[in-house]
Amino acid sequence: MPSALPYVLAATFLVPGILALLIRDPCRSRVVGFGGGAVASFLGLVLTLVGAMREAPVRIPLPAPVPWAASELFLDGLSAFFLVLVFFIGFLVSVYAIGYMKEFDARRRGQAAPLLLNLLLLSMAFVVSAGDMLSFLLGWEAMSLASYFLVVLNHEKREARQAGLIYLIATHIGTGGILLAFLFLVQTTGSFSFNGFATVPISDPAILCATFWFALLGFGTKAGVFPFHIWLPYAHPEAPSPVSAVMSGVMIKMGIYGIVRFLFYLLPSPPASFGATLLALGLLSGVFGVLYAIVQHDLKRLLAFHSVENIGIILIGIGAASLCQATGRPDAARLLLVGGLFHVLNHATFKALLFLGAGAVLQGTHTRNIEKLGGLMRGMPLTGVAFLAGSLAISAVPPFNGFASEFTIYRGLWAAVGGAGTGGIYLAAMAGLALIGGLAVVCFVKVVGTVFLGNARSAQASAARDPSVAMEFPMGTLALFCLGLGVFPSIVLDRLMEITSFLSSAGGPASVAVPAAGGKPFTVAIALAIAIGGLWLLRTFLLRRNGQRAGGTWGCGFPYATPRMQYTASSFADPILHVFRGILRPHTTRTERLSGRFLLEVEHETHFHDLLENGLYLPVYRLFVRAAFQARRLHPGYIHLYLGYILGAVVLLLVFFH
Amino acid sequence: MNTITILLLLLGFHIAVTERIPTAIRSLAAQGALLALLPFLASPRPLWRAAALGFATVAVKSVAIPAILTHAVSRLEIKRETESLVSTKTSVLLTGVLSLSAFVACARFGLSGQDQLGAAAGLTLLFSGLLMMTTRVKAITQVIGFVVLENGIFLFGASSGSEFTLPIELGIFLDLFVAVFLMGILMLKIQRTFTHMDVRKIHTLKD
Amino acid sequence: MIPLLLLSPVAGVILALLARAPWQAALGTAACAAGLLSGAVIQGMSPRVAAWGDLLRLDELGSYFLLIVAGIHFLCSVSAYGYFRRELEGGHIGPAKVRMYHVWTNLFVLSMVVVVCSHHLALQWVAVEATTLFSAPLIYLHGDRRGMEAAWKYLLICSVGIAFAFLGIIFLSRAAGDIPLTYTALPLAAKRLDPRFLRLAFLFFLVGYGTKMGLAPMHTWLPDAHSQAPGPASAMLSGVLLNCALLSILRVAPAIPGAYASPLLILFGILSIAVPALLVAVQRDIKRLLAFSSIENMGIVVLGLGFGGAARPAALLHVLNHSVAKVLLFLVAGDLILRFGTQKIRHIHGILRESPLRGVLLFGGILAITGSPPFGAFWSEFGILVGGIAGGHLAVSLVYLILLAILFGSFLMYGSDMVFGEGVPRKLSGPELWCLLPACVLLLASLWLGLHVPSGLYKTLERLSIVVAFS
Amino acid sequence: MKFVAHITLFILLGPLLVGVVRKTKAFLSCRQGASVFQPFLDLWKLFRRGIVRSTSASWVFDLSAPVVLGASLVLAAATPLWSREVPLPMHFILFLYLMALPRFFQTLAGLDTGSAFGGLGSSREVAVSAMAEPALILSFCGLAYLGGADTVSGMVAVVPPGRIPWRPEVILLAGTMFLLLLAENARIPVDDPATHLELTMIHEAMVLDHAGVDLAMIQLASGVRLVLFSAIVSGILFPQALSLPTFLAIPAAVVKVVLSGALIGAVEAGMARMKLSRVASYLLIATVLAAIALSVRYAG
C-alpha cells in the first residue's frame, strides 16, 4: 500500500468539509460536504476491502506529533475490520445526512456539520489504524471533540448543551484512564508503539491489574459499558440523527476496539479475572440497558439504552473469550471473540438503521415522544419496513443478523460450558443473554407497535410522509444488510476467523465458524420463506374466494374508540416494569386540575431515575460542589488572612521541611 | 554586634506592642539607625563601602520611610491608635511562639552558634513584622509591619556577612524605598476613595 | 545585544511620554515591542551567549524566556491598541491614563527583561521586585475601588513574598561564602556549598518567588490582581510575569540538592492544582476564572519540575504553552468584557451565535488551556505525567490526573455556557481586528504546538532541562 | 415423503391435542364437553369464511397469520415426533430464537388494529415469554447435555448409553419443560384460553381482531406449537419410543401426544389461573428448577 494513501484519504475527507464551511448556499454546502464525506468513505471502504484486508498487516510511518517517539499506522486484520465498519456506516450516514441536515439550513451553524462529521469519521479511521499510543490518543481526542461539537450542534437547546457537557466530561475522564493504562505499558516496555507493548509482559500483577482497570474505565466509558454509561442516554438523543447513528453504530465501538486491542494484543496472557469482569459487566450492561430501554418513551433515548444493551452482548462475547483464553479453551475463545466482533458489525448495521429511521420519523413528525406517534406505516411505508427489519435484527430474531452474531456467541459459550470447572459462568451468561433477547423483543414490539402501527395519536403523526431518496437509500441498504448478513453470515465469519486465528489451538479447525449441523441460517431462511410464502399465497387465494371487508376495530361493543384509547407504550411496558420495579424505580407524580369541586384533569407522570446516576454520580458531584462552595471561604477577601497564609506556610515549612 | 541584634529585637517588640502609631514610626527610625551600624561591624573593609551602605540605610530607613509614614499620618488625619484584630496579650504571645519556632527551625536545619542566633533573630523580627501585617487593621500599620519585616532580613543579611556589589545593594534600597513610596501613594488613594483606612472593610474582591 | 534589548522598552517609555495621542503611544509601544522581539529572535538564533558586564548575561534559558516575554509583549501591545480604542470610545478611561498604561507597561517589560538577563541572583531579585512595583499601577489604572483594593493586596502580599526571596538570597550567599552569586558560578561549586543554608535558601526562594508565581497558598493576590487589570495588562501579568518568577527559581535550582527540593515542589505543585480545581468550579467572574487557571498551570509546571526526569523538559514546554493559551484567553476575555459590559460569566452567552470568530477563539482557548489535544498544552501535561509515572510518583500522578479532569470539566462547563446558547438580544459589534488578530495568532500557535511539537524546540528544552536540573 | 408426513402429522395432531385437552377438562369437571374432533370442525369453518379487516390495520396485520403458522411449521420440522430423524435438524439456540419470530408478528398484529385489547394481550405475551427465556435456554442446555447433541432432534432423542432413563435431572428437566409448555402455550395457570373476560386474557385478547382464514392459521399454529412442546416433553421421558420402527413409532407418538393432552387438561381442570403479577415467580421457579437440573447433571 503506498504510504501516500492515508494522506489522500484524509484530504478527501477534509477538503469537502472545509469547502462546505466556505460555501454560502446551504444546500450546495450540504451536498459538497456530506457528499464529499460519502465519496471519501466509499473510497476508504474499497481501499480497505481490496487493499488493507488482503495485505494486512500494513505499516505506514507517520510524522510524529512529538519528537520523543515515532508514529506509524499499523493495519492488521482487526484494524481492517473496524475500518470497514467506519467507512461502511460512514458512507451511508453521509448520504443520509445530505437529505437530513436540511433542517439546519436556516441557521449558519449547519455548515460546520459536514466538516465535523467528516472529521469524526476520519478520526475514527485513524484511531483503529494507529500503531502507537500517541497517534491513538490524538485520534481518540479528535474523535471525542468532533462528536462533542456534533452533539451540541443544536446548542440553543439547554438539553443539548448539558448532554454535550456530560458526554465530554465522561469521555475526558475515560481518556485519562486510557492514558494511564498506556503509560503503564510505556513504563514497562519503554516503547510507545503497540508492537513494542506486546513484546514485554507486565510482570507486576498490581500494575497489570491497574492497567486493565484504567483501560476498562477509558474504553468502557466510550463504549457505554454499564457503570460508565450515563452519558450515552443524554448525548445520543440530542445529537442530530445521522450523528447518533455514527456515534451509536461506530463511535462507541471504538471502546470495544480498545478493549479487544488491549486484552488480546497488548497484554500478553491476561489473567482469568479480566475476562470474568468483562463478562459480568457485559451481563449487567445488557440487562440494565434493555430494562431502561423498555420504559423510555423518547425514541432516541430508547435506542441509546439499547446501545448499552448491545455493548453488553458484545462484552459478553469478548469477556468470555478472554476467560476461555485464560483457562485454556482457545477454540471456544476464538468462537466467542468472533461472535463479539460480528455483533459489533451487526449492531452497527441495525442500530445505524434504527437511528436513521428514528431520524426520518423525527423529521416527519417533529417529535421523539413515541406516545404521540402511531400509524406511521401508512404515511412512511419505506421507513416502516426498514425500521421493522432493524427491529427484528436487534431483537435477534432469525434469520436477521442480530441473531447470527448472538448465535455465534451462544455457540462459543456452549463450547466453553463443555469444559470442566467454570461452566456455571457460561451457563449464567447464556441465561442472561436469553433474558436480554426476550426483553429486547418486548421493547421493539412496543416501539414498532406504537410508532408505526395502529392509528396516529397526533396530527403530526398522521401527516408524516416518507423522506427523500437520499435518506431512503441508506435505510434500504442497511435493511438489506440486516437480512443479508443474517442469511449469509459466513461472509463475515470466515474473515473474522482469519483475524482471530492467533487464538486457535494448533492451527485450529477453520470450519468452526460455519455453524454446525442444524444451524445453517440459509436453510432456515429458505424454509421460512417457502412456508410463509406458501401460506401467504394460500391466504390470498382463500380471501379472494371467501371475501374480505373493511371494518372498524372491534371495541367490545364500544363504538366510539379514538386513537387516544389505543394501548400506550407505557402501558405496554407495564408488566415488565412491574416485575423489575426494584431496579427501575418508577416515580409517579400525580397532578390534578380542579374546577370548584370538579376534577377536570388528572395527570400522571412517571419518571425513571437511573440507579447509578442517582446513587453514585450525582451524590459524588454534589459532594464536590459542596466542597467547592466551602473552599470559597478560603478567599474571603481579607488581606490579613492572606498574609496569615504566608506566615503559616513559612512557619510550617520551616518546622517540618528540614 | 549581639548587642545591636538584641536592641533591634527589643525595638521590634516595642513596635509590636505599642498602641500609638507615631511611637511605632519613631522606633522604626531607630531600628534603621541601628541597622546602619551593622555594615561597619560586619564587614568594615573597605570603609567607603560600609560608609556608603550605612548612609543609604540611614537615608532610606531612618529618614525617608519614617518621613513618608509621618506625612501619611498627618495627611490622613487618622487616629493615632494602632488598632489590632487581636489583643496585645495575644499578639505578644504569638510573637513569642513565632520566635520560638524560628529558633526551633534554625536548630532543625542544623544551624548553631552565631549562625543560629543571627538567623533566628532575623526570622523573629521578620515574623513579628509579618504578624503585624496580619493582625493590624489600618493600612499604615501594615506598612510599618512590612518595614519591620525588611529590617529583620537586613539584620540577618548583615549578621551573616552576605555582601553584594554596591549597585545591587543600592538597588535593593531603591526597591524598598519605591515599594514603601508606592504603598504610601496607594494609602492616600485608598483614604480618598474609601474615606477610611480600615483594611478589614476592603474585601469586595473575593470568591 | 543586551543593551539593545534593554533599550527598546526604555525607548517605549520615552515614546509613550512624548506621545500626544493614545494611538501614538500605542504605536510606539508596538514598535519597541517589535524591536525587542526581533532582538530576542536574533539572540535566540545565535549560538553565542550574550553578556554585558558581570551582572547581565543572556544564555539559552534566558533566551527562551525572553522570547516568550517579547512575543507576548508584542501581541499584547497590538491588542492593547484595539482594546483601549474601545475603552476610550466607551468613555471608561481618559487618554492620559492610556498613556500612563503605555509608560508603565514599558517599564514593566524593562524590568522583566532585566529579570531574564540577570546574571547575578541578587540583581534578579531587584528586578523581580521592580516588576511588582511597575505592574501595580497597571492594576489600578482605572482608579476605581476594586482596582485599588487589588493593587493594595498585590503590592503588600508580593512585597512580603519577595522579601522572603531576599532572605533566600542571603542564605544562599551564606552558603556560598566567597563564590559569587551568579547562576554560572553556583552550579560549578554546588558540592562546596553548605547544605544547611542551601536548604533554607531554597525554602525561602520557593515561598518568595512562589508568592510571585501564584503558588498556593501564597496565591491569594493573583485572582484579585489579574481580574482588575485591563485586558492586555492581565494577559501580560498572567502570561509572562509568572514565568519570570519561575525563572528566578530555575536559576538557583542547579545548586540545590534534588532530594530536598523535589518533595517541596511536588507539594506546592499539587496544592496549586488542587485549590483551583475546587475554586474554578464556583467562579462567577471570567477573569478570576482565568487567574485561577494560571495558578493551576504554574502548579503543573512546578509539579513537573518536582517530578524531574522526562517531566522537566515538559514543564519548560508547559511554560510556553501556558503563556500562549492564557494570553489568548485573556485577550479574548478582555474583548468580551468590553462587548458585554460585564465580567460576570452568566451574563455572557451565545457568543458563537453572534460572533463565530470570538466563539471559536474562546472555545479553542479553553480547550488549549485545559490541555486537550490537539493543542500544545496536552503534550506538556502528558510529558509531566510520563515523568511522574517514570519517577515512581504513582499516587501523585493519579491525583494530578484527577484534578486535571475536574478542571477540564469546570472549564468546559463555563465554555459551553458562554460560547453556546441563545445569542444576546443586543447585537455584538463586528470583530475588533486589533484585539482578535493576536488571539488568532496565539490559537494557531497553540494548535501548531499540539499537532507537531517542533523537534528543535524540544531538543533545546531537553538541553535546558539539564541546565536547570537539581544537583 | 417423510417430510410431508412429519408436517402433516403435526398439523393433524395440533387440533386433536386441543380437542383432547378440552375433553379432559370437561370430563374432569363433570361435563360432557364437545367431541375431541371439534377443533377440526372449527378450523374447517374458519377456513371457509371471509374476514373483516380493521381499517387501522396495515400489511403487518395481513402478514402476521402466515408468519405465525409458517414459522411454527418450520419449528415443527425440527422437532422429533416419532423419529429422531427430522426434516430440518436445528440447533437448539436457533430453535428457541426462531420461536420469537411468530411471537413478534403476532404481538405486532395485536397492536396494529389500534385496539386496547390487542395491546393488552401483546404486552403480556411478550412479557411472559421474555421472562421464560432464561428457563427455556437453561432447560435446553440441560437437554443438550443429556443428549450430547446440539440439535433439538438429537438431544431429545438420545438416551445416554448405560444410564437409567429417569435420572433425577431428567425428571426435573421434563418438569421444567412442562411448566414452560404451560407458559408458552397460553395455558392455565398462566393464561386461560377459554375465558371471555378480556382483561384477564393474554393470547386470546391479542387475536381478537383476527377472523376467518387468519384466525384459522393462528389457531392451527397454536395447536402445532402445543404438539411441539408435548413432543419434546414426552421425548425426554420416553426417548425409547423414538427409536422404534416407523409403523410402531407413529402410533406411539400419537399416544404420547394424546396422553400429554390429557395431562394438560387435568392440570387445567385442577388449577385456577394465577394473578398476572405472579407469573414472574412462576417462571423464576422454572428457571431455578432448570438450574438445579443442570447442577445435578454437573455434579453427576
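Which of the four pairs of chains that touch has the most contacts? In this predicted model, the most contacts among those four pairs are found between chains A and D. On the two sides of this contact stand 66 residues of chain A and 71 residues of chain D. The side of chain A that touches chain D draws two or more residues from each of the elements α14 (376–379), α16 (401–417), α17 (423–451), α21 (521–546), β3 (548–551) and α22 (569–579) of chain A. Of these, α17(A) supplies the largest share, amounting to 15 residues. By class, this side of chain A comprises 41 nonpolar, 21 polar and four charged residues.

Confidence was examined for chain A, whose mean pLDDT is 89, with 96% of its residues reaching 70 or more. Among the elements of chain A, the lowest mean pLDDT, 83, belongs to strand β5 (residues 598–608) of chain A, whereas the highest, 95, belongs to helix α15 (residues 381–394) of chain A. Over residues 507–511 of chain A, pLDDT stays under 50, and for this stretch the model has four contacts beyond four places in sequence.

Chain A also touches chain C, in a contact that takes 42 residues from chain C and 42 residues from chain A. On the side of chain C, two or more residues are given by each of α6 (145–176), α8 (195–213), α11 (258–279), α16 (376–390), α17 (394–419) and α19 (455–467) of chain C. The most is given by α17(C), with seven residues, and by class this side of chain C has 30 nonpolar, nine polar and three charged residues. Chain D, by contrast, does not touch chain C, the nearest C-alpha atoms of the two chains being 41 Å apart.

Within chain C, a division is made into domain 1, covering residues 1–253, and domain 2, covering residues 257–471. The C-alpha centres of domain 1 of chain C and domain 2 of chain C lie 20 Å apart, and 45 residues of domain 1 are in contact with 48 residues of domain 2 in this chain. The elements that give two or more residues to the side of domain 1 that touches domain 2 are α3 (60–90), α8, α9 (221–228) and α10 of chain C. The most comes from α3(C), which gives 14 residues, and the classes represented on this side of domain 1 of chain C are 29 nonpolar, twelve polar and four charged residues.

Helix packing in chain C is illustrated by helix α5 (residues 121–139) and helix α10 (residues 231–252) of chain C, which pack at an angle of about 165° with their axes 11 Å apart. Because this angle is over 145 degrees, α5(C) is roughly antiparallel to α10(C). The crossing in which α5(C) passes α10(C) is left-handed. From α5(C), the contact is made by Leu121(C), Gln124(C), Val128(C), Thr131(C), Ser135(C) and Leu138(C), and from α10(C) by Ala233(C), Leu237(C), Leu241(C), Cys244(C), Ala245(C), Ser248(C), Arg251(C) and Val252(C). By class, the contact of α5(C) with α10(C) has nine nonpolar, four polar and one charged residues.

Methods: Residues are numbered from 1 along each chain as its sequence is written. Chains are lettered from A and ligands numbered from 1 in the order in which they are written. This is a predicted model: local features need pLDDT of at least 70, side-chain atom pairs count only at pLDDT 80 or more; totals for chains, interfaces and linings use all residues. Two residues are in contact if their C-beta atoms, placed from the backbone, lie within 7 Å. Helices (H or I, at least four residues) and strands (E, at least two) are DSSP runs, numbered from the N terminus. Ala, Val, Leu, Ile, Met, Phe, Trp, Tyr, Cys and Pro count as nonpolar, Asp, Glu, Lys and Arg as charged, and the others, Gly among them, as polar. Axes are lines fitted to C-alpha atoms, for helices over the stretch in contact, and angles run from 0 to 180 degrees between N-to-C directions. Angles under 35 degrees count as roughly parallel, over 145 as roughly antiparallel, 65 to 115 as roughly perpendicular and the rest as oblique. A crossing is left-handed if the near helix is turned anticlockwise from the far one by less than a right angle, and right-handed if clockwise. Domain bounds come from an automatic or database domain assignment. pLDDT is the predictor's confidence in each residue, from 0 to 100.
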